[in-house]
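The sequence and model are shown below.

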Amino acid sequence: MPQTTLPIQLTVNGTRRRIAVAPHHTLLEVLREDLRLTGSKECCLVGECGACTVLVDGWSVDACLVLAVEADGADVLTVEGLASPDGRLAPIQAAFLDQGGVQCGFCIPGQLMSAHALLAEHPHPTRAEIEEGMAGNLCRCACYEQIFAAIGQAAAGDAPDLGGLGAGAHAGGARAGAKTSAEGLDQ
Ligand code: FES
Ligand code: FES
């Protein structure tokens with residue numbers, strides 16, 4: 001029997017996408033499998049680790065807990081949308097690299113998105129605000145101090161300009177071309 005799909009519309013990293021999704025598919029599944037935006041990571045799938053964090057209409061959410069149909073009409077920002085179109089890293093990405101906050105890297109896309117949301121709400125966060133804002137993002141490499149330092153560095157405007165760094169060395173999968181390749185998959 002053919003699987004039922006529902007049409008939805010999302011604006012993902014500034015590009016409007018029309019896509020037919022299975023009603024039970026999460027936003028994370030649609031981002032990773034339908035739109036090929038694999039920066040958002042699949043880990044616990046129960047809202048515990050934050051590896052799948054994306055911004056929906058400016059709010060940080062666990063994409064594994066949101067049905068894609070619930071996001072119909074929303075503006076979604078993923079880690080692929082943090083760098084500028086020419087691949088230049090966002091200050092928060094450069095600060096993560098500069099502070100050594102990236103070890104295995106698996107948690108980093110979610111950490112970056114939560115940090116991005118935190119800085120949008122608190123441009124100059126206190127230590128307590130950083131700890132609270134990042135509480136939903138686990139790091140099994142325990143880079144918490146470096147990540148907190150990176151957020152402070154970005155908030156202070158002291159992040160280095162690291163350019164795009166090329167495809168092999170990037171903070172959280174935000175490399176030149178990632179956005180472009182996904183943009184060609186409109187359905
Ligand atoms: S994979 Fe979504 S919170 Fe862990
Ligand atoms: S850098 Fe390895 S899990 Fe965070």
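This is a predicted model: local features need pLDDT of at least 70, side-chain atom pairs count only at pLDDT 80 or more; totals for chains, interfaces and linings use all residues.

Of the 187 residues in the protein, 46% are buried. Among contacts with a separation of 6 or more, 66% join residues 24 or more positions apart.

**The sheet**

Strands of a sheet pair through backbone hydrogen bonds, in either a parallel or an antiparallel sense. In this model the five strands form an open sheet in the order β2-β1-β5-β3-β4, and the pairing is mixed. Its edges are β2 and β4, each of which pairs on one side only. From one strand to the next, the twist averages 40 degrees.

The pairing of β3 with β4 is antiparallel and extends over four bridges. Within this pair, Leu 55 has Ser 60 of β4 as its bridge partner. Helix α3 lies across β3 and β4, and runs at about 35 degrees to β3.

The residue ranges of several elements are listed here.

| Element | Residues |
|---|---|
| β2 | 15-21 |
| β3 | 53-56 |
| β4 | 59-62 |
| α2 | 91-98 |
| α3 | 108-121 |
| α4 | 127-133 |
| α5 | 144-155 |

**Helix α5**

Which residues of α5 are buried? They are Ile 147, Ala 150, Ile 151, Gln 153, Ala 154 and Ala 155. An α-helix has 3.6 residues a turn, so residues three or four places apart point the same way. The cover over the buried residues of α5 includes α2, α3 and α4.

Glu 145 also belongs to α5. Is this residue buried or exposed? A residue counts as exposed if 12 or fewer other C-beta atoms lie within 10 Å of its own; Glu 145 has 11 such neighbours and is therefore exposed. Between Glu 145 and Gly 100 the C-alpha to C-alpha distance is 9.7 Å, although the two are 45 residues apart in sequence.

After α5 comes Gly 157, which has a positive phi, near 75 degrees.

Definitions and conventions. Residues are numbered from 1 along each chain as its sequence is written. Chains are lettered from A and ligands numbered from 1 in the order in which they are written. Two strands pair if DSSP finds at least two bridges between them. Helices (H or I, at least four residues) and strands (E, at least two) are DSSP runs, numbered from the N terminus. Axes are lines fitted to C-alpha atoms, for helices over the stretch in contact, and angles run from 0 to 180 degrees between N-to-C directions. Two residues are in contact if their C-beta atoms, placed from the backbone, lie within 7 Å. The expected span of a helix is 1.5 Å times one less than its number of residues. A residue is buried if 20 or more other C-beta atoms lie within 10 Å of its own, exposed if 12 or fewer, and partly exposed in between; C-beta atoms are placed from the backbone.
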